[in-house]
Amino acid sequence: IVIRIHSGKVKVRGGWMQLAEEGTPDLFVVPDDFLETKTATGKLSDAQKKMHRRLRAEGSRVAVVRSVAEALRVVLTPGEGT
């Protein structure tokens, strides 16, 4: 099961609303994998780096992936993550 996490900001009447905590990865793969999707040259923000450290400290796998093939490799390979 893969769940898309919307963690950006959206405009609402009267301002902006933060959807999930800043830095939350883009995808959650049940039971404990998080995938941050980036382009070939995309870089992690400081908030993303901080969140990744927090998630790893709690025992979750977190990986930055740049293609569908890379995402599948991470999810299908036990212990794979960055």
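Why are E70 and R73 separated by about one helical turn? They sit three residues apart in helix α2, so about one turn of the helix lies between them. Here are some friendly notes on the rest of the model.

1. Ground rules. This is a predicted model, in which local features need pLDDT of at least 70 and side-chain atom pairs count only at pLDDT 80 or more, while totals for chains, interfaces and linings use all residues. Residues are numbered from 1 along each chain as its sequence is written, and side-chain values use heavy atoms, with hydrogens and water left out.

2. The sheet. Four strands make an open sheet in the order β1-β4-β5-β6, with mixed pairing. Here strands are DSSP E runs of at least two residues and helices are H or I runs of at least four, numbered from the N terminus; two strands pair if DSSP finds at least two bridges between them. β1 and β6 (61-65) are the edge strands, each pairing on one side only. From one strand to the next, the twist averages 25°. Within the sheet, β4 (residues 27-29) and β5 (residues 33-37) pair in the antiparallel sense over three bridges, and V29 stands opposite D33 in β5.

3. The helices. Helix α1 (residues 46-57) packs on the sheet and touches β5 and β6, its direction making about 145° with that of β6. Helix α2 (residues 68-76) lies across β4, β5 and β6, running at about 160° to β6. Contact means heavy atoms within 4.5 Å; axes are lines fitted to C-alpha atoms, for helices over the stretch in contact, and angles run from 0 to 180 degrees between N-to-C directions.

4. The hairpin. Strands β2 (residues 9-12) and β3 (residues 15-18) pair in the antiparallel sense over four bridges. K9 has Q18 as its bridge partner in β3. Two residues lie between the strands of this hairpin, and G14 in the turn has a positive phi of about 95°.

5. S7. This residue is in the loop between β1 (2-4) and β2. S7 counts as buried because its relative accessibility is 16% (buried is under 20% relative accessible area, exposed over 50%, partly exposed in between, with a 1.4 Å probe and protein chains only). The side chain of S7 reaches the backbone oxygen of T24 at 3.2 Å. Leaving aside residues up to four places away in sequence, S7 touches Q18, L19, A20, E21 and T24.

6. Salt bridges. There are four in the structure, each a side-chain nitrogen of Lys or Arg within 4 Å of a carboxyl oxygen of Asp or Glu. One of them joins D26 and R4 (3.6 Å, N to O), linking the loop between β3 and β4 to strand β1 across 22 residues. D26 is buried at 13%, whereas R4 is partly exposed at 45%. Another joins R54 and E21 (2.5 Å, N to O); R54 lies in helix α1 and E21 in the loop between β3 and β4, so the pair ties together parts 33 residues apart in sequence. The opening pair, E70 and R73, also forms a salt bridge, with the closest N and O atoms 3.8 Å apart.

7. The aromatic pair. The structure holds one: F28 and F34 are tilted, at 4.9 Å centre to centre and 45° between the planes. Rings of Phe, Tyr and Trp (its six-membered ring) pair if their centres lie within 6.5 Å; planes under 30 degrees apart count as stacked, over 60 as edge-to-face and the rest as tilted. F28 and F34 are both buried.

Key: A polar contact is a pair of N or O atoms within 3.5 Å; within protein, one must be able to donate a hydrogen and the other to accept it, and residues adjacent in sequence count only if both atoms are side-chain atoms.
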